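Let us read a protein model together, one feature at a time.

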Amino acid sequence: MNILIRKKNKVNSKKILKIIKKYKTPIWIYNKKTIQKKISKLKKFDIIRFAQKACSNIHILKIMRKNKVKVDAVSLGEIERALYAGFKGNSEDIIYTSDIIEDDTLEKVILHNIPINIGSIDMIKKIGKRSPKHKVWIRINPGFGHGHNKKTNTGGKNSKHGIWNLKKAFKLIKKFNLKLIGLHIHIGSGVNYIHLKKVCHAMLKEATSINHKISYISAGGGLTIPYKSYQDKVNIEDYYQIWNKSRNQISKKLNCKIKLEIEPGRFLVAESGLLVSKIESIKIVKNRTFILLNCGFNELIRPVLYGSYHYISVLPMDNRTLDYAKKIEVIVGGPLCESGDIFTQKENNILYTIKIPIVKIGDYLIIHDVGAYGSSMSSNYNSRPLIPEILVKKNSFIQIRRRQTIKEMLSLEL
């Protein structure tokens, strides 16, 4: 099976070669301007809250903060990252979202008075016993879900996320004298307008059922990007209007002003990111050509985990002109001792080929749209050190994470 899908966006080859010369490969590269443009598209929402799990580098978080974006944290480490990046406690800057709360995390949210987006009944009891009057949200499981992949579906009976019985949760919140300030629904990654309207209806129904004045509702995240050139961009105006209508209905029924919040991750950062890797081997296996890179799924796990597609382009090491009239069909893989270490695969490990110009060992392949769930999901699998992250700002670039050394990796075990 061959997939040939061209992206319209271009890369600055000379700049990337300059970065490669200084920092080697493999390497992550982010474009600050792209992130700022994506933030500006969501300005109609009262609050933009970045789901930092998508890309948690503190320098990326600082860009968000300077552009008046707030942040969502799903772990103690993400709370610490947010604080280090300049987000403030005792404010609405940070929200902690989870279905559990460990003791050390609870200590931190109490210390900094961080609102908690509650995903389980047990969390209510634990927080209530330690921190009465704490500000909380409820993450609602509306009984259905939707995602571009089963693993990104976060609603319905097969999902571990969210509160199934809102009325029961609300009774406990009142019992423990917690302060309910908001309601949140997120059913999965990917925009489907039929499901979106169902979610908005569910939010209206649930908010009305408890008849309690709140300050916020959250549309959650899941805003898509076009990984393939023929895919449509999400219509932000339509998306906002559907949610705004629900917000106004809820506000009228509860007789209170309500701010509308959105919590994107991928939408803000995915298109800003590139993964640049060097071709180390070109192998012929029977009638197939494998291009093997010096990066693997320890860097970018999305293709093996979800069967996700990422456009791949060629950057010649010598800046020569490529002949696009003569192309070869290739499967692109990495160096890991793992059969699944293939970037060109669909769900259920079905491999496909892509057409690229004729390449040589030493040339570079660029994997596009990896700013979300790229570096943040990377690992030390096969004892491979974490790779550098570079941020491009106007005509300059800076290293925002250096390459991990093998000595540093081993130091935790010595």
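Q: How many salt bridges does the structure hold?
A: This is a predicted model. A salt bridge pairs a side-chain nitrogen of Lys or Arg with a carboxyl oxygen of Asp or Glu. The structure holds 15 salt bridges.

Q: Which side chain meets E237 in a salt bridge?
A: The partner is K44, at 2.9 Å from N to O.

Q: Why does the pair of E237 and K44 tie together parts that are apart in sequence?
A: Look at where each residue lies. E237 sits in helix α9 (residues 236-254). K44 sits in the loop between α2 (32-40) and β2 (47-51). The pair therefore links parts that are 193 residues apart in sequence.

Q: Are E237 and K44 buried, exposed or in between?
A: Read the relative accessible area: buried is under 20%, exposed is over 50%. E237 has 34%, so E237 is partly exposed. K44 has 46%, so K44 is partly exposed too.

Q: Where do D93 and K70 lie?
A: First, the bond: D93 forms a salt bridge with K70, and their closest N and O atoms are 3.6 Å apart. D93 is in the loop between α4 (76-84) and β4 (94-98), while K70 is in strand β3 (residues 70-73), so this pair ties together parts 23 residues apart in sequence.

Q: Is D93 buried or exposed?
A: D93 is buried, because its relative accessible area is 16%. K70 is partly exposed, at 23%.

Q: What does E408 form with R402?
A: A salt bridge, with the closest N and O atoms 2.4 Å apart. E408 is partly exposed, with a relative accessible area of 31%. R402 is partly exposed as well, at 48%.

Q: Which residues is V269 in contact with, leaving aside its neighbours within four places in sequence?
A: V269 is in contact with I35, F50, A54, C55, I60, M64, G371 and A372.

Conventions. Residues are numbered from 1 along each chain as its sequence is written. This is a predicted model: local features need pLDDT of at least 70, side-chain atom pairs count only at pLDDT 80 or more; totals for chains, interfaces and linings use all residues. Side-chain values use heavy atoms; hydrogens and water are left out. A salt bridge is a side-chain nitrogen of Lys or Arg within 4 Å of a carboxyl oxygen of Asp or Glu. Helices (H or I, at least four residues) and strands (E, at least two) are DSSP runs, numbered from the N terminus. Buried means under 20% relative accessible area, exposed over 50%, partly exposed in between (1.4 Å probe, protein chains only). Contact means heavy atoms within 4.5 Å.
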